[in-house]
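Trainee: I am new to this one. Can we go through it together, one question at a time?

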Amino acid sequence: MPTQTGPTGVGPTLIGSVQRAMRLLEAAASHEGGAPAKQLARESGLALPTAYHLLRTLTHEGYLRRENGVFVLGEAAERLGASAAQQKRRSMVDDVLAHWRDAIGAPVYFALYRDGEIEVVSIADTPGTPAVEEWADFRETGHAHAIGQCLLAQLDDEARREHLDRYPVRSLTPNTVRDEQALLRRLDGLSRMTPVVEHQEYVLGTVCAAIPITVGTTAATLAISVPSAQAERLLPAARALQEDLGRLLRTLAFSISI
């Protein structure tokens with residue numbers, strides 16, 4: 001039955017059966033090797049018949065499973081735990097990017113090359129310092145922006161050419177690299193220690209810099225963008241970010257599983 005909270009009956013409507021089921025889940029989660037129904041009922045403060053009914057329901061829905069007479073967390077509960085851990089990792093990355101966004105006064109991007117695709121994991125910007133508008137799909141235009149160029153430069157020749165076979169070089173602005181051979185020469189000339197800089201190749205009016213990162217075997221990058229009228233800010237800001245990379249790397253590594 002629904003119950004009301006608050007002395008005057010004003011407050012959120014709480015579903016008692018849901019509350020009791022959650023207490024049972026919490027009790028089961030506290031026992032790594034599982035626990036029998038009687039113990040879970042006692043720890044949850046529930047009558048045994050009520051506990052049996054809820055345990056059957058939770059088992060049917062996959063939140064618990066019964067093994068050798070004890071109840072342990074099921075796949076559905078494990079998925080919830082994995083989602084919570086993923087959200088925590090995402091929050092950690094977002095906090096790192098927000099710190100540098102505020103310190104630099106420019107949008108900060110974190111991106112990976114994963115499963116053959118350029119993937120922008122997180123962006124930190126503000127209304128006053130907005131991120132670049134994705135007017136052409138970032139995944140398909142890696143040749144034209146600093147994020148993509150930085151990631152492609154970290155791939156081996158086979159992976160790089162496979163990517164360009166799927167997403168051929170094409171002009172987005174008058175400054176975009178003109179053909180695949182020119183792009184490959186540029187990528188081959190990039191240094192692992194130097195930010196990749198792109199001047200209005202993806203969109204007019206914006207310049208970008210990307211810092212190469214290798215997290216395990218995954219190519220990754222941190223990048224920033226500024227209006228082209230403020231281009232003199234780009235490299236100093238990118239180098240300041242690069243100097244702090246050692247401290248950031250552990251946090252960014254968590255995002256690989258996001």
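Trainee: Is Asn-68 buried or exposed?

Mentor: First, the ground rules. This is a predicted model: local features need pLDDT of at least 70, side-chain atom pairs count only at pLDDT 80 or more, and totals for chains, interfaces and linings use all residues. Residues are numbered from 1 along each chain as its sequence is written, and side-chain values use heavy atoms, with hydrogens and water left out. With a relative accessible area of 83%, against cut-offs of under 20% for buried, over 50% for exposed and partly exposed in between (1.4 Å probe, protein chains only), Asn-68 is exposed.

Trainee: Where is Asn-68 placed?

Mentor: Take the strands beside it. Strands (E, at least two residues) and helices (H or I, at least four) are DSSP runs, numbered from the N terminus. Strand E3 (residues 64-67) and strand E4 (residues 70-73) pair in the antiparallel sense over four bridges; pairing needs at least two DSSP bridges. Asn-68 lies in the loop between E3 and E4.

Trainee: What is the phi of Asp-115 near?

Mentor: Most residues other than glycine have a negative phi. Asp-115 sits in the loop between E5 and strand E6 (117-124), and counts as exposed at 76% relative accessibility. Its phi is positive, near 55 degrees.

Trainee: Which residues does Ile-147 contact, leaving aside neighbours within four places in sequence?

Mentor: Contact means heavy atoms within 4.5 Å. On that basis, the partners of Ile-147 are Tyr-109, Ala-111, Ile-118, Ala-210, Thr-221 and Ala-223.

Trainee: At what angle do helix H1 and helix H2 pack?

Mentor: Arg-23, Leu-24, Ala-27 and Ala-28 in H1 meet Leu-40, Ala-41, Glu-43 and Ser-44 in H2. Axes are lines fitted to C-alpha atoms over the stretch in contact, and angles run from 0 to 180 degrees between N-to-C directions. The axes of H1 (residues 16-29) and H2 (residues 37-44) are 9 Å apart, at an angle of about 115 degrees.
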